[in-house]
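Q: Please take a close look at a single part of this model, with the cut-offs for each term. Then carry on to the other local features, part by part.

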Amino acid sequence: MTKQNFDHSKVVFGLDSFGDIPLSASDQPLSQAAAIRQVVAEGVLADELGLKVIALGEHHRADYAISSPDIVLAALAAKTKQITLASGVTVLSSDDPVRVYERFATLAALSNNRAEVVLGRGSFLESFPLYGYDLRDYDLLFEDKLSLFAELLKEERVTWSGKTRPSLEDMEVFPKTEKGLPVRIAVGGTPASVVRTAKYGFPLTLAIIGGRAERFLPYIELYRKAANQYQKPLQPLAVHSHGLIAATDEQARELAWKYLRASFVKLGNERGWAPMTQEQFNFEIKEGSFYVGSPETVAQRLARTIKKLGISRFELAYGAGGLPVPQRMKLIELYAHQVVPRVREILAEEE
């Protein structure tokens, strides 16, 4: 397999949040409003510490506070200076491409061109009945709307017709951006989605939430082959995975068992999965896709993943399962101050 060449020193490190509701010292959940304000505080901290991306996911359920990532990102635009403000993801299937473009073009203006749209089909399905969409059209909705969104990115007059929304005839959409609107597609492991991303020439983000990261190597190779077939330039590859960093391995594992595992058990109960066992949990933190431990432990595992997959961007999903505010803030500090520099050292040593 021919890997995409990139400079390890330029690997981008960021954070992902769904606006998980933190628990108080007495294990009581904060309000969703407080959780949203907390995400803003965490984004400000990430910017001050030099992290390059914060991506906020869209969900419509009680355990996640953010249903409108672009609104929260707009608040961050006014409080930050350098960090890229991304969605993670915007569920295009149950939204309108014109409105998505308009909102993020506005965010680009407010943030001096730091906005980024990360589009996805949605692994959670609450938005479909909420907005009146039929789940039987799950694939059609995304494909149809992505084709329109790709046209809107040209920032020219648009004539378009599809199957899931009214046609456009020689229409223009505003505001125009100053430098274009960066777009990524997030994929959970569906080959057709990987090929579609390459077809449109968009960068790919792989959401790796379980199992060994290297099992996604065939998808990366598929993306590169499809890009070549469609005569599109190779774009930087990114990975999103869960993690929990604390001062020691023992402390991180205890927190991860209590909070990160709990989030997977809750989701598993909803989807009919068996609860995560101790053995499965141990596998994920040692060999799988939970980056849990002290800064040195997490840095060593991250460096291996970056090297194996040849990625140039990693986003750590933090705060899952109600992790309390103090631990969340400390996690971000350790990630920026100790993990990221150490990963760069390890990669440089291995070149």
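**Helix H11 and other local features**

A: Helix H11 covers residues 325-350, and at 1.5 Å a residue its 26 residues should span 38 Å; the C-alpha atoms at its ends are 36 Å apart, which agrees. The expected span is 1.5 Å times one less than the number of residues. Helices (H or I, at least four residues) and strands (E, at least two) are DSSP runs, numbered from the N terminus. The model is a predicted one, in which local features need pLDDT of at least 70 and side-chain atom pairs count only at pLDDT 80 or more, while totals for chains, interfaces and linings use all residues. Residues are numbered from 1 along each chain as its sequence is written, and side-chain values use heavy atoms, with hydrogens and water left out.

H11 has a kink of about 40° centred on Tyr-335, where the bend is the angle between axes fitted to the seven residues ending at a residue and the seven starting there. Tyr-335 is also among the buried residues of H11, which include Leu-331, Ile-332, Leu-334, Val-339, Val-340, Val-343, Ile-346 and Leu-347, and also Arg-328 and Arg-342. Buried stands for under 20% relative accessible area, exposed for over 50%, and partly exposed for values in between (1.4 Å probe, protein chains only). An α-helix has 3.6 residues a turn, so residues three or four places apart point the same way. The buried residues of H11 pack against strands E1 (12-17), E10 (237-245) and E12 (313-317), and against helices H1 (32-48) and H10 (295-309).

Val-340 is 45 residues from Pro-295 in sequence, with 8.9 Å between their C-alpha atoms.

Helix H8 (residues 249-271) is another element that meets H11: the buried residues of H8 pack against E10, helix H9 (278-286), strand E11 (290-293) and H11. H8 has 23 residues and reaches 30 Å from first to last C-alpha, close to the 33 Å expected at 1.5 Å a residue. A kink of about 40° is centred on Ala-256, and Ala-256 is one of the buried residues of H8, as are Leu-255, Tyr-259, Arg-261 and Phe-264. Arg-261 lies over the face of Trp-257, 4.0 Å from the ring centre. The charged end of Arg-271 sits over the ring of Phe-124, 4.9 Å from its centre. For a charge to sit over a ring, NZ of Lys or CZ of Arg must be within 6 Å of the ring centre and within 35 degrees of the ring normal. Just after H8, Gly-272 takes a positive phi of about 80°.

Phe-124 belongs to one aromatic cluster with Phe-18 and Tyr-64. Rings of Phe, Tyr and Trp (its six-membered ring) pair if their centres lie within 6.5 Å; planes under 30 degrees apart count as stacked, over 60 as edge-to-face and the rest as tilted. By this rule there are eight aromatic pairs. One of them joins Phe-128 and Tyr-138, whose ring centres are 5.5 Å apart with the planes at 45°, so the pair is tilted. Phe-128 lies in helix H4 (residues 127-130) and Tyr-138 in helix H5 (residues 138-152), so the pair ties together parts ten residues apart in sequence. Both Phe-128 and Tyr-138 are buried.

Arg-121 touches both Phe-128 and Tyr-138, and its other contacts beyond four places in sequence include Val-91, Phe-142 and Arg-196. Arg-121 is in the loop between strand E5 (115-120) and H4, and is buried at 17% relative accessible area. Its side chain makes polar contacts with the side chains of Asp-139 (2.3 Å) and Thr-190 (3.4 Å). A polar contact is a pair of N or O atoms within 3.5 Å; within protein, one must be able to donate a hydrogen and the other to accept it, and residues adjacent in sequence count only if both atoms are side-chain atoms.

Some backbone details remain. Most residues other than glycine have a negative phi, and most peptide bonds are trans. A cis bond joins Gly-88 and Val-89, with omega about 15°, and another joins Phe-174 and Pro-175, with omega about 0°. Glu-155, not a glycine, has a positive phi of about 55°.

Definitions and conventions: Contact = heavy atoms within 4.5 Å.
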